[in-house]
Structure formats: structure tokens, C-alpha cells
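The following note sets out points for a colleague who wishes to read this model alongside its sequence.

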Amino acid sequence: MRTTVSAGLSPHRVALNNGAVVIVQEAAATPAVSINATFLAGGIHEPDGLTGLAYLTGRVIDRGTERRTADEIAGELDQRGVSLRVGTTRHTTTLSYTCLAEDFEDVLAIVMDVARWPTFPEEELAKRRAESITALRQDDDNPAVRAVETLSELLYGAGHPYGRRAKGSVETLERIDRPAIAGFHARYVRPAVLSLAVVGDVEAERAIDCAAMEIEGWTGAPAGAIVVPPPAARPVRRLRTINMPGKVQTDIAYGFTTIRRLDPRYYSYWMMNNILGQFGLGGRLADNIRERQGMAYYAFSSFDPTVGEGPLVVRAGVDPKNVERAIEAIDTEVRQLSERGPTALEVDETRAYLIGSIPRLLETNYSIAGFLQSCEQFGFGLDYDRRLPALLESVTIDEIRSAASEVLCPDRAAIAIAGPDLVDGTR
């Protein structure tokens with residue numbers, strides 16, 4: 001089935017017989033093409049005892065196929081000036097790259113070879129496992145990473161897919177062997193959960209025909225529903241400290257669980273978070289903590305809903321002596337927005353800022369490919385870029401006030417603090 005939309009972005013979408021979806025946006029401004037191949041094959045599918053399996057699979061997937069060795073893959077890509085990026089999240093594994101338009105067919109063939117027929121050689125797995133363990137140990141020495149990972153565990157629990165470390169642990173990485181990786185790939189990296197976005201100086205018909213040829217004959221189980229358990233209700237404030245002697249900065253992660261991406265309240269939550277910690281140089285949070293009180297090296301909030309209930313996270317980096325004052329300031333801004341709501345001026349400025357930022361989401365072929373992937377994953381439709389301004393225009397000040405009162409409650413906040421001179425523990 002083929003669908004085309006004109007005006008704004010004008011992507012062509014084709015669903016192949018094996019379930020794979022190809023989306024093409026022609027853009028001839030530069031003689032380049034960006035490709036984003038996303039599989040719904042992320043960490044949520046990992047067994048409890050093998051956390052980090054999706055991450056390690058992504059790290060080794062490009063290290064040899066049935067047709068090419070790792071050196072041959074690297075050499076063919078280097079010859080064309082292409083850097084293949086492989087990324088994993090809780091829900092996806094993505095292979096992406098940008099190449100010259102003249103190399104589109106050749107590079108697409110290489111990357112789909114990597115996706116379809118990886119061999120996961122033992123010696124390459126050993127190298128990537130060692131690199132991953134090194135990365136984990138570097139994370140363990142980073143207060144910002146420790147604070148955010150600890151907050152996720154506080155919000156969701158260690159057994160929840162969103163509460164586990166995405167890279168796993170040293171113990172689980174050492175336990176993951178080639179059969180485990182090959183089994184994960186065979187089960188989850190399959191055409192029915194693939195969306196391939198192609199953006200750039202290539203005709204849609206040609207891109208679709210090339211993609212279909214590369215995916216032809218690939219079979220696998222049909223796509224199924226992805227079930228994410230809701231986070232456990234936690235009506236009390238929780239605080240955990242991670243003492244890291246020798247560090248000169250303390251990092252604070254303070255947050256709440258919120259809503260799913262497809263919740264109709266998404267747009268009011270998005271605007272509420274922008275007011276709290278995104279607008280300008282960091283919204284209310286940065287204005288108070290960094291600008292007026294001069295306590296923080298950085299202060300902002302982020303809102304990340306996804307298939308399951310995502311978090312709203314306040315982040316701040318402060319001098320160790322200012323930790324309590326910074327948390328008090330966060331509490332103040334959170335409570336005031338919850339109890340009083342936003343001002344009319346804040347709503348108008350936030351709406352204008354978010355609508356004005358939409359073109360920046362679509363400035364490059366690479367960013368357009370990512371945007372189209374998100375639209376496909378959540379079923380927003382090919383005209384989402386045209387509908388998004390109206391969706392933001394429709395949000396009322398009362399809806400934003402309601403979103404703030406629903407989620408922003410200091411008495412229910414989870415707080416993780418990582419830095420020097422802290423007493424280890426939880427309260």
C-alpha cells in the first residue's frame with residue numbers, strides 16, 4: 001500500500017509484504033542521502049539476567065556478516081566517507097548514516113547486509129564486550145550518569161524495563177555469549193518491525209525499489225503489541241545519595257513518572273515542562289537556581305514519554321555545598337507551578353517558541369529521517385509536521401495548569417544525588 005502527502009513534508013510510504021515499511025522524502029538541496037533503519041528491538045525485550053543484551057548486540061552487529069568481514073565493511077564504508085551509527089534504546093535498534101547520493105544503492109546494500117546477516121564473530125564480541133565494560137566503569141565514575149540511573153531505579157524499580165541500566169552490568173555483560181546475541185537478533189531484528197526512512201537527493205521510486213530489493217525474501221514473525229508495565233504507585237518522597245569521593249561537583253536528578261506518548265495530554269505536558277525547565281536558557285528552574293541564586297553550573301528539566309509512562313526529570317549540577325539549597329529551590333519552582341499554574345505570558349511565549357522550533361526539527365536530512373521514524377513508530381501520520389502547530393495552538397492555560405497539578409508534587413518526588421561528601425543511603 002502506497003500513501004503520499006503533499007505540502008509541508010511530502011513523504012512516500014510503502015508497506016512491503018513482509019511487514020517492513022519504507023518512507024522516502026525527496027530533498028535535493030544537497031547531493032546527499034540520510035538513511036535511518038529502525039527496528040522495534042530494544043532493551044525491553046531483554047531477559048532479567050541478561051540486561052545489556054540489546055546494547056551489546058548493537059555494538060557487535062556491524063562486525064562481520066555472512067558476506068563481508070568486519071574489515072571489509074569498514075573499508076567499503078570508509079571508501080565512501082560513510083560513518084555507520086548503531087544506537088539502541090529501551091524500544092529500538094537503529095542503524096543510520098549519511099552518504100553521497102551517488103553511493104546510495106551501494107551503501108544501502110552494505111547496511112542491510114549488516115542488519116540481515118550478521119555473524120557476531122567470537123573475537124569481535126570479545127573486543128566489544130571489553131569496550132562496553134570499560135564504558136560502564138566510566139559511567140560509574142560520572143556523577144551525572146550515576147544520578148540519572150539511580151533516579152530511574154527509584155522511579156520504576158530495578159525490575160522494570162525503564163529502571164534497569166541500559167548497558168547492563170559488568171556481570172551481565174560477561175554472561176552474554178554469542179548464542180544469546182544471535183538469538184536476540186533472530187527473534188527481534190526482523191522485517192515486520194522495521195521502518196526504513198530515506199531522506200535526500202534520491203527519487204522516491206528508485207529508493208523504494210532499492211529498499212524492496214534489499215529486504216526481499218526476509219521473513220519473520222509479524223509485529224506484536226509491546227506491553228510496558230505501569231510504574232508502581234509511589235506516594236512518598238524518596239531520596240538516595242551516592243557518595244563519590246574526589247569529585248568537585250554534585251549532580252542532582254529529581255523527577256516523577258508521567259504519561260505515555262500517545263496520551264492526549266501530551267501537548268499540555270510538553271508545554272508545562274518547557275515552562276518549568278526548557279524555555280530560553282532553562283525556564284523557571286534556571287532563572288531561579290542559576291541566574292538569581294548563582295548556585296548551579298546547569299539546571300533544566302526534560303520530558304520523555306514513550307511507549308510506556310516516561311519520566312519528567314529535573315537535572316542540576318552544583319557545588320557540593322549548595323546541594324540542599326538547590327533542592328529547596330527545585331521544590332519551590334515545582335510547587336509553585338503545580339499550585340499556581342503558568343502565567344498567560346509564559347503560555348504565549350512557550351507556544352510561540354515550540355511552534356517556531358518545528359522548522360529546526362526539519363533542517364537536515366538526518367533530522368527529517370528521525371522525525372519520520374517517530375511518526376511511524378507512534379502512528380502520527382505523514383502530515384504530522386503540518387498538524388503539529390495546530391495541536392500546540394489548541395492547548396489552553398487550564399490544561400497546562402492541570403498537567404502541572406497532576407504530576408508536580410515535591411512530596412512524591414524521587415531524588416538522586418551523586419557527588420563528594422555524601423552519606424550513602426536512601427530516605
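Predicted model: local features only at pLDDT ≥ 70, side-chain atom pairs only at ≥ 80, totals over all residues.

Which residue stands opposite Arg315 in strand 11? The residue is Phe300.

1. Strand 11 and its partners. Strand 10 (residues 296-303) pairs with strand 11 in the antiparallel sense, over seven bridges. Strand 9 (residues 250-257) is also antiparallel to strand 11, and this pairing runs over eight bridges. Here Asp251 stands opposite Gly317 in strand 11.

2. Burial of strand 11. Strand 11 covers residues 311-318, and eight of its eight residues are buried. In a regular strand, side chains alternate between the two faces of the sheet. One side of strand 11 carries Pro311, Val313, Arg315 and Gly317, the other Leu312, Val314, Ala316 and Val318; both faces are covered.

3. The largest nonpolar core. Nonpolar side chains tend to be buried together in soluble globular proteins. The largest nonpolar core of this model comprises 60 residues, and Ile252, Tyr254, Met272 and Leu408 have the most contacts inside it. Helix 9 (residues 266-277) supplies the largest share of this core, with eight residues. Leaving aside residues up to four places away in sequence, Met272 touches Leu312, Leu337, Ile400, Ala403, Ala404, Val407 and Leu408. Apart from this core lies another, of 56 residues, including Leu108, Ala207, Ala211 and Trp218.

4. Helix 4. The 19 residues of helix 4 should span 27 Å at 1.5 Å a residue, and its end C-alpha atoms are 27 Å apart, which agrees. Its buried residues are Glu124, Leu125, Arg128, Arg129, Ser132, Ile133, Ala135, Leu136 and Asp139. These residues lie on the same side of helix 4, because they cover an arc of only 165° around the axis. Glu123, Arg137 and Gln138, on the other side of helix 4, are exposed. The buried residues pack against helix 1 (53-60), helix 2 (70-79), helix 5 (143-156), helix 6 (170-175) and helix 7 (178-188).

5. Is Phe120 buried or exposed? Phe120 has a relative accessibility of 2%, and therefore counts as buried, the cut-off being under 20%. Its phi is near 50°, a positive value in a residue other than glycine. Phe120 lies in the loop between helix 3 (104-116) and helix 4 (122-140). Asp421 likewise is not a glycine and has a positive phi, of about 60°. Asp421 is exposed, however, with a relative accessible area of 74%. Its place is the loop between strand 12 (414-419) and strand 13 (425-426).

6. Strand 2 (residues 12-15) pairs with strand 3 (residues 21-26) in the antiparallel sense over four bridges.

7. Overall form. The protein has 15 helices and 13 strands. A compact globule of 427 residues would have a radius of gyration near 22 Å; the protein has 23 Å, which agrees. Along the principal axes, its C-alpha atoms fill a box of roughly 60 × 50 × 35 Å. Of the 427 residues, 55% count as buried. Among contacts between residues at least 6 apart in sequence, 81% join residues at least 24 apart.

Technical notes:
Residues numbered from 1 in each chain as written. Heavy atoms only, no water. Core = buried A, V, L, I, M, F, W, Y, C linked by side-chain atoms within 4.5 Å. Buried < 20%, exposed > 50% of the residue type's maximum accessible area, 1.4 Å probe, protein only. Helix = DSSP H or I, 4+ residues; strand = E, 2+ residues; numbered from the N terminus. Contact = heavy atoms within 4.5 Å. Expected span 1.5 Å × (residues − 1). Arc of directions from axis to C-beta. Pairing = 2+ DSSP bridges. Rg over C-alpha atoms; globule rule 2.2 N^0.38 Å.
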